[in-house]
Amino acid sequence: MNAKLAAISARLEKLLEGRHYSLTEQVGELTLVIPREGMLEVMRLLRDDYDLRFEQLIDLCGVDYSTYGEGAWQGPRFAAVYHLLALGKNQRLRVRVFCPDDEFPVLDSVVDIWPSANWYEREAFDLFGIVFEGHPDLRRILTDYGFIGHPFRKDFPLTGYVEMRYDPDQQRVIYQPVSIEAREITPRVIREDTFHG
């Protein structure tokens, strides 16, 4: 671990003393895993602490761990991963928060801490079904309002039952049964004759 990461790690250990968390370093990056309980307080500490100052949320994404790794995943199914940046120090931190309930995944919204989280949380809600409690306008952002389900869940069917298209005769969008035949797509490998691998 380099000196920058060691300093962040030491400061986090001091700030989070007495709390449940885990901190790991892999490929030169730190990942902090915290529980949902008290997550907003920890996020504010990460932003406001003078030695850390993670004042910018670069990204937030939902994750479905239902088929994660080679073995059967034993932990909670859904999580949100926050990528934070301390601009003045050019330091980054990844924060992962697991949803305690797999059937109804809920986390607290961090929009009041980092306003840029607004659209990211809407995307995670739309694609994974993670509800962000306290979000000012939690609604779909990428899929149709009538869409049922969450497309990035690993149990979501790859083909649907209806498709949407514009009908020029009716001059409106219509839904009709899917007309796509199921097929297996096998990539074709193309190599030049001079290739000797």
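The model is predicted, so local features need pLDDT of at least 70 and side-chain atom pairs count only at pLDDT 80 or more, whereas totals for chains, interfaces and linings use all residues. Residues are numbered from 1 along each chain as its sequence is written, and side-chain values use heavy atoms, with hydrogens and water left out.

**The cores**

Select M43, L46, L60, Y82, V95, L107 and V110 to begin. These residues have the most contacts inside the largest nonpolar core, which has 36 residues. A nonpolar core is a set of buried Ala, Val, Leu, Ile, Met, Phe, Trp, Tyr and Cys residues joined through side-chain atoms within 4.5 Å; buried means under 20% relative accessible area, exposed over 50%, and partly exposed in between (1.4 Å probe, protein chains only). Next, colour the elements that give two or more residues to this core: α1 (3–15), β2 (29–34), α2 (39–48), β3 (56–64), β4 (78–86), β5 (91–98) and α3 (117–128). Helices (H or I, at least four residues) and strands (E, at least two) are DSSP runs, numbered from the N terminus. Strand β4 provides the largest share of the core, five residues. Apart from this core lies another, of six residues, including V33, Y65, V81 and F98.

Centre the view on L107. Leaving aside residues up to four places away in sequence, L107 touches R36, M39, A80, Y82, V97, F98, C99, I130, V131, F132 and E133 (contact: heavy atoms within 4.5 Å).

**The aromatic cluster**

Now select Y65, Y68 and F98, which form one aromatic cluster. Rings of Phe, Tyr and Trp (its six-membered ring) pair if their centres lie within 6.5 Å; planes under 30 degrees apart count as stacked, over 60 as edge-to-face and the rest as tilted. The rings of Y65 and Y68 are edge-to-face, because their centres are 5.1 Å apart and their planes stand at 80 degrees. Y65 counts as buried at 6% relative accessibility, while Y68, at 46%, counts as partly exposed.

Y65 and F98 form a tilted pair, 5.4 Å centre to centre with 45 degrees between the planes. Because Y65 lies in the loop between β3 and β4 and F98 in strand β5, the pair ties together parts that are 33 residues apart in sequence.

**The surface patch**

Finally, show the surface and select Y161, V162, M164, Y166, V173 and Y175, which form a nonpolar patch. Strand β8 (162–167) and strand β9 (172–177) each supply at least two of the patch residues. Strand β8 gives the most, three residues, and M164 lies in β8. Patch residues have over 30% relative accessible area and no salt bridge; like charges are joined within 9 Å and nonpolar side chains (Val, Leu, Ile, Met, Phe, Trp, Tyr) within 5 Å. A salt bridge is a side-chain nitrogen of Lys or Arg within 4 Å of a carboxyl oxygen of Asp or Glu.

Notes. Areas by Shrake-Rupley, 256 points an atom, 1.4 Å probe, with all protein chains shown as cover.
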